[in-house]
Amino acid sequence: FAANDPALAFMSEHEAELAAVAHFVLPPRQTLLDVLNKDRTRTIAEACGIRVPPTHTVSAGAPLADLLPSLRFPLLFKPNNHYDVCLPGGAKNLVFRGPDELTAFFRQYPRLVSQGVLQEIIRGSGGKPVDIDVLRDGKRMTFTVQPEYSEAEKRWMIGVAPDHRIV
């Protein structure tokens, strides 16, 4: 049972060899790669009309210095995939609170600059219900989720809880 992105990528890449000793079900390889790659997932969602947070890709054609004036902080840095890109401390994503922090990070880790996307953090709803759009099996579905206030984070949050509830 694959419990994370690297395990899924490994199982997909070696599916034929693993099938000789284990039975498991995976989506087609290209579908899996599309889901595991944050930039491709965003592109597919946008093409399907699903709203996504403002997202920026740093590249040779769009250097960080040129993007800085248009960025709204705080920002998340999400690696395009978690099976090829390792962030410091094993983090899955990084939060940058301002341009100096972002610039200093990429100065220290220049190889990461083109390995992910910068995504604006969705502004809070102040505890009001939030609509989430999902595309599954070619069908678009909208779920209304009630944010929960986290005393630890001191903010309203939505996500998937450890017991698999959507909160």
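This briefing walks through the main features of a predicted protein model.

Residues are numbered from 1 along each chain as its sequence is written. Local features need pLDDT of at least 70, side-chain atom pairs count only at pLDDT 80 or more, totals for chains, interfaces and linings use all residues, and side-chain values use heavy atoms, with hydrogens and water left out. The protein has an open sheet of four strands, and strand 5 and strand 6 form a hairpin.

**Confidence**

- The pLDDT is the predictor's confidence in each residue, from 0 to 100.
- Its mean over the protein is 82, and 92% of the residues reach 70 or more.
- Helix 6 has the highest mean pLDDT among the elements (92), and strand 5 has the lowest (79).
- Helices (H or I, at least four residues) and strands (E, at least two) are DSSP runs, numbered from the N terminus.
- Where pLDDT is low, the predicted coordinates should not be read in detail.

- Two strands pair if DSSP finds at least two bridges between them.
- Strand 1 (55–57) and strand 3 stand at the edges, each with a single partner strand, so one side of each has no neighbour in the sheet.
- Neighbouring strands are turned by 30 degrees against each other on average, direction ignored.
- Axes here are lines fitted to C-alpha atoms, for helices over the stretch in contact, and angles run from 0 to 180 degrees between N-to-C directions.
- Strand 2 and strand 4 are antiparallel and share five bridges.
- Strand 2 and strand 3 are also antiparallel, with three bridges.
- Phenylalanine 77 has a bridge partner in each of two strands: leucine 118 in strand 4 and leucine 94 in strand 3.
- Leucine 76 has valine 95 in strand 3 as its bridge partner.
- Four of the five residues of strand 2 are buried (under 20% relative accessible area; exposed is over 50%, partly exposed in between; 1.4 Å probe, protein chains only).
- Strand 2 is therefore largely enclosed by the rest of the structure.

**Helices across the sheet**

- At the start of helix 4 (residues 38–47), a side-chain oxygen of asparagine 37 comes within 3.0 Å of the backbone nitrogen of aspartate 39.
- Just after helix 4, glycine 49 has a positive phi of about 80 degrees.

**The nonpolar core**

- A nonpolar core is a set of buried Ala, Val, Leu, Ile, Met, Phe, Trp, Tyr and Cys residues joined through side-chain atoms within 4.5 Å.
- The largest one has 16 residues, and those with the most contacts inside it are Leu71, Phe77, Phe96, Leu102, Phe106 and Leu118.
- Helix 5, strand 2, strand 3 (94–96) and helix 6 (99–108) each give two or more residues to this core.
- Helix 6 gives the largest share, three residues.
- Phenylalanine 106 touches Leu64, Phe77, Leu112, Val113 and Leu118, leaving out residues up to four places away in sequence.
- Contact means heavy atoms within 4.5 Å.

- Serine 12 sits in helix 1 (residues 5–13).
- Serine 12 counts as buried because its relative accessibility is 6%.
- Beyond its neighbours within four places in sequence, serine 12 is in contact with Leu26, Arg29 and Leu32.
- Leu32 is also one of the buried residues of helix 3 (residues 29–36), along with Leu33, Asp34 and Leu36.
- These buried residues pack against helix 1 and helix 4.

**Hairpin and loops**

- Strand 5 (residues 130–136) and strand 6 (residues 139–145) run antiparallel and are joined by seven bridges.
- Aspartate 133 is bridged to threonine 142 in strand 6.
- Two residues lie between the strands of this hairpin, and aspartate 137 in the turn has a positive phi of about 55 degrees.
- Glycine 126 is in the loop between strand 4 (116–120) and strand 5.
- Glycine 126 is exposed, at 55% relative accessible area.
- Proline 74 is in the loop between helix 5 (64–67) and strand 2 (75–79).
- A cis peptide bond, with omega about 5 degrees, joins phenylalanine 73 to proline 74.

Notes: A polar contact is a pair of N or O atoms within 3.5 Å; within protein, one must be able to donate a hydrogen and the other to accept it, and residues adjacent in sequence count only if both atoms are side-chain atoms.
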